[in-house]
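Here is a short report for someone meeting this structure for the first time. Have a look at the model, then read on.

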Amino acid sequence: MIASRQEGDRSSGQFNIRVNQLRKVLRTSHGTEPLVAIDRLTFSVMAGEIACIVGRTGCGKSTFLNILAGLDHPTEGEITIGENTPYNAFDLFKGAVAVIFQQDRLLPWRTARENVELGLEILGISPGQRRETAEEWLTRLELSGFLNAYPGELSGGMRQRVAMARAFALDPQLLLVDEAFGHLDEVTARQLRVDFLKHASRRGTTVVMVTHQLEEAIETAEKIFVFGKPARLLAEIDTPAALSRMSKEELRTFIQETIDSNQPRQL
Ligand SMILES: Nc1ncnc2c1ncn2[C@@H]1O[C@H](COP(=O)(O)OP(=O)(O)OP(=O)(O)O)[C@@H](O)[C@H]1O
Ligand SMILES: [Mg+2]
């Protein structure tokens with residue numbers, strides 16, 4: 001599947017994401033009332049776009065990303081990626097959708113290279129090809145000296161680079177990122193963001209990245225989606241267009257005020 005995919009496929013629209021009137025109601029162990037985590041969320045991301053989702057803590061960002069990744073079902077409404085829904089056609093998206101989680105989720109008993117090989121192994125790629133791809137990506141992410149190191153021997157930033165290599169090695173059409181750089185120091189996080197964007201835009205990969213850091217969103221995204229609490233769309237921002245009219249600081253203030261007001265706003 002990976003080998004046969006053409007570069008041209010990426011902009012063909014078959015990976016456009018449409019979120020339509022999405023609702024997710026959760027039962028909690030601590031309350032009698034069900035919790036509305038996502039409330040009639042509607043928006044679209046075009047194939048090849050780099051999109052960031054921002055919103056308060058607990059507003060349903062990770063819940064949304066899990067549904068988009070096909071790991072959970074909505075209560076009402078739907079998400080389509082091209083013609084399909086990720087949670088109903090999980091196998092169809094195997095290898096085409098990769099996730100980088102907040103915690104790197106590396107397997108401690110596998111070396112850096114073996115961790116990167118894991119997804120390729122699941123896709124049935126041959127051992128020689130897996131090894132080559134894993135080494136290539138770890139080298140691109142400046143870990144050529146650590147191919148045989150175990151996660152316990154790596155720093156937080158290095159571990160997150162291995163997680164990034166693992167995602168990129170799949171050559172996914174869609175890359176989902178949940179606060180992957182948020183817990184690192186700012187210098188490391190910034191460098192990782194730069195490297196991440198370089199590789200994602202070179203491949204034309206569609207990116208949906210969740211963050212609560214507004215600077216990260218403004219520096220990273222072509223589109224910023226501001227979520228209310230519970231998750232619904234408060235504002236959709238075309239970042240380059242906004243920055244042609246206002247400074248980064250003004251845009252940051254607008255986004256922060258929108259989040260604080262929890263009401264839909266036009267820029
Ligand atoms: N499995 C679950 N069962 C019950 N409630 C849940 C479950 N997962 C999340 N929640 C609740 O749903 C709401 C949304 O959680 P979610 O993790 O999606 O928020 P978030 O926006 O990702 O927050 P953060 O920025 O802190 O990561 C929260 O109130 C949370 O307590
Ligand atoms: Mg979260």
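## Around the ligand

Sorted by class, the shell of ligand 1 holds 3 nonpolar, 6 polar and 4 charged residues. Here Ala, Val, Leu, Ile, Met, Phe, Trp, Tyr, Cys and Pro count as nonpolar, Asp, Glu, Lys and Arg as charged, and the others, Gly among them, as polar. The model is predicted: local features need pLDDT of at least 70, side-chain atom pairs count only at pLDDT 80 or more, and totals for chains, interfaces and linings use all residues. Residues are numbered from 1 along each chain as its sequence is written, chains are lettered from A and ligands numbered from 1 in the order in which they are written, and side-chain values use heavy atoms, with hydrogens and water left out.

Which residues come nearest to ligand 1? They are Thr57, Gly58, Lys61, Ser62 and Thr63, out of 13 residues around the ligand. A residue is near a molecule or strand if one of its heavy atoms lies within 4 Å of it. Helix α1 gives the most to this shell, with 3 residues.

| Residue | Protein atom | Distance to an oxygen atom of ligand 1 |
|---|---|---|
| Glycine 58 | polar backbone atom | 2.7 Å |
| Glycine 60 | backbone N or O atom | 3.0 Å |
| Serine 62 | polar side-chain atom | 2.8 Å |

On its own, ligand 1 has 630 Å² of accessible area, and the protein covers 61% of that. Accessible areas come from the Shrake-Rupley method with a 1.4 Å probe; for residues, only the protein chains shown count as cover.

## Helix α1

Helices (H or I, at least four residues) and strands (E, at least two) are DSSP runs, numbered from the N terminus. α1 is mostly covered, with 6 of its 8 residues buried. Buried means under 20% relative accessible area, exposed over 50%, and partly exposed in between (1.4 Å probe, protein chains only). The buried residues of α1 include Lys61, Thr63 and Phe64. After α1 comes glycine 70, with a positive phi near 85°.

## Aromatic pairs

The structure holds 8 aromatic pairs. In phenylalanine 43 and phenylalanine 64, the ring centres are 5.6 Å apart and the planes stand at 45°, so this pair is tilted. Rings of Phe, Tyr and Trp (its six-membered ring) pair if their centres lie within 6.5 Å; planes under 30 degrees apart count as stacked, over 60 as edge-to-face and the rest as tilted. Phenylalanine 43 lies in strand β2 (residues 35-45) and phenylalanine 64 in α1 (residues 61-68), so the pair ties together parts 21 residues apart in sequence. Phenylalanine 43 is buried at 5% relative accessible area, and phenylalanine 64 is buried at 1%.

Phenylalanine 43 also pairs with phenylalanine 227, edge-to-face, at 5.8 Å centre to centre and 70° between the planes. Phenylalanine 227 sits in strand β8 (residues 223-227), so this pair joins parts 184 residues apart in sequence. Ring pairs link Phe43, Phe64, Phe225 and Phe227 into a cluster.

## A loop residue

Threonine 211 is in the loop between β7 (206-210) and α6 (214-220). Is threonine 211 buried or exposed? Its relative accessible area is 1%, and threonine 211 is buried. The threonine 211 side chain makes a polar contact of 2.9 Å with the side chain of glutamate 216.

Terms used
Polar contact = N/O pair within 3.5 Å; in protein donor to acceptor, adjacent residues only side chain to side chain.
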